[in-house]
Amino acid sequence: MNLPATMRALRQTSLNGPQDLRLIDDAPIPSPGPGEVLVRVAAAGVNFVDVSQAHGTFAGGPQPPYVAGIEGAGEVVALGEGVDGPEPGTHVIGVGVEGGAFAEYMVLPAAAAVPVPVGWGDEQALGMVVNWPTALAALKPLGRIEAGQTVLIHAAAGGTGQVAVRLAKHYGATVIAAASPGKHEVVLGLGADHVIDSRAADLAGEVLRLTGGAGADLVLESVGGAALDASLAATKRVTGRVVVYGVAGGEAAITNWELVYKHQVHLIGLNIGTLIQAAPQIFGEVMGEMSALLAAGVLGPGRPATYELAEGPKALAELEARATVGKLALLP
């Protein structure tokens, strides 16, 4: 296939944040290396990782200048050395932690390029390799959620939070969702049993009131900052679990003294990339469960809010300000 020599892309030019993303039209089209495929990007997912990388706070993240964006979906147009599938013409979704998705073309590891379900548009598959596995891993193999238990889900109106609410209800849990007041109706529509103000002065007190003083069996914590201490205080003593998978609100400190004398809970860190590399068997279980949920209709095509590529800085800024609902997509 004859490809143009250059492409449009969003280049991160500093570590000062997404406001320094620049739209360029002369970025070289990448070549797929051994074990890689070249994808013509139809839709790119916007994630908090992109915001973290733009600020230089993502461990091991790329250094500017770089083409931003980790999650892309589109059509395979070329194969690297040693690759016999997916075939050109196949529509796939995948993640490249070094960036490259906010562009007209990107390379992906062939082994990690997941086929877009038949009948779905590429943008409808966004979340399948980031948000959905994160929510599943946090709830099931790590969070050990069971029917009848109570789960507190932070950022419940976000891309991962919405999936977590639906799945937690599917597994028979009582869901307490934390979201800003303007997003409460959205979260209730997903099936949450209770919705509380994510910025309430006494969030832990609200959870304890709703649980008769016992606390939540499981907390999905993606906010960080002061929310982490509130999450720990809202968790059931001794048997409660807190799965931390995001730092949107900044860093938080917890001491060994607090774990012994103040918060006697199970504190679990989740990074989906590390899970894939360090515990592939567990990740395989997560993806197997996701396939079953897709087949059963529990999970279905997404409906992301879409932005043109040039609006990338705006989309990331709105995500960083927590002014968005659900999944966001850039359309190159």
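Me: With a relative accessibility of 14%, does one count aspartate 20 as buried or exposed?

Reply: In this predicted model, a residue is called buried when its relative accessible area is under 20%. Aspartate 20 has 14% relative accessibility and therefore counts as buried.

Me: Which side chain meets that of aspartate 20 in a salt bridge?

Reply: In general, side chains of opposite charge can pair when their charged atoms come close. Here the partner of aspartate 20 is arginine 22, with 3.5 Å from N to O. Arginine 22, at 39% relative accessibility, counts as partly exposed.

Me: How many salt bridges does a search of the whole structure find?

Reply: The search finds seven. One of them joins glutamate 75 to arginine 40, whose closest N and O atoms are 3.3 Å apart. This pair links distant parts of the chain, since glutamate 75 belongs to strand 5 (residues 71-79) and arginine 40 to strand 3 (residues 36-46), 35 residues apart. Glutamate 75 is partly exposed at 24% relative accessibility, and arginine 40 is partly exposed with a relative accessible area of 30%.

Me: Which residue forms a salt bridge with aspartate 229?

Reply: Lysine 262 does, the closest N and O atoms being 3.7 Å apart.

Me: How many aromatic pairs does a search of the whole structure find?

Reply: There are two aromatic pairs. The angle between ring planes gives the class, and over 60 degrees it is edge-to-face. Tryptophan 120 and tryptophan 132 have ring centres 6.2 Å apart and planes at 70°, so their pair is edge-to-face. Tryptophan 120 sits in the loop between strand 8 (114-115) and helix 2 (131-139), and tryptophan 132 in helix 2, so the pair ties together parts 12 residues apart in sequence. Both residues are buried. In the other pair, the rings of tryptophan 257 and tyrosine 261 have centres 5.5 Å apart and planes at 40°, so that pair is tilted.

Me: Where do tryptophan 257 and tyrosine 261 lie, and how many residues apart are they?

Reply: As a general point, an α-helix has 3.6 residues a turn, so residues three or four places apart point the same way. Tryptophan 257 and tyrosine 261 are four residues apart in helix 7 (residues 256-261), separated by about one helical turn. Both are exposed, tryptophan 257 having 52% relative accessibility. Together with Val260, they make a nonpolar surface patch of about 390 Å².

Me: How many residues of helix 2 are buried?

Reply: Nine of the nine residues of helix 2 are buried. Among them are Trp132, Pro133 and Leu136. What covers these buried residues includes strand 9, helix 3 (159-170), strand 12 (218-221) and helix 9 (280-296).

Me: Which residues does leucine 152 touch, leaving out those up to four places away in sequence?

Reply: Leucine 152 is in strand 9 (residues 150-153) and counts as buried at 0% relative accessibility. Its contacts include Ile176, Ala178, Leu218 and Ala234. Threonine 150 is also found in strand 9 and is buried, at 14% relative accessibility. Threonine 150 touches residues including Thr174, Ile176, Asp217 and Leu218.

Notes
Residues numbered from 1 in each chain as written. Predicted model: local features only at pLDDT ≥ 70, side-chain atom pairs only at ≥ 80, totals over all residues. Heavy atoms only, no water. Phe/Tyr/Trp six-rings, centres within 6.5 Å; stacked < 30°, edge-to-face > 60°. Helix = DSSP H or I, 4+ residues; strand = E, 2+ residues; numbered from the N terminus. Buried < 20%, exposed > 50% of the residue type's maximum accessible area, 1.4 Å probe, protein only. Contact = heavy atoms within 4.5 Å. Patch = residues over 30% accessible without salt bridge, like charges linked within 9 Å, V, L, I, M, F, W, Y side chains within 5 Å. Areas by Shrake-Rupley, 256 points an atom, 1.4 Å probe, with all protein chains shown as cover. Salt bridge = Lys/Arg side-chain N within 4 Å of Asp/Glu carboxyl O.
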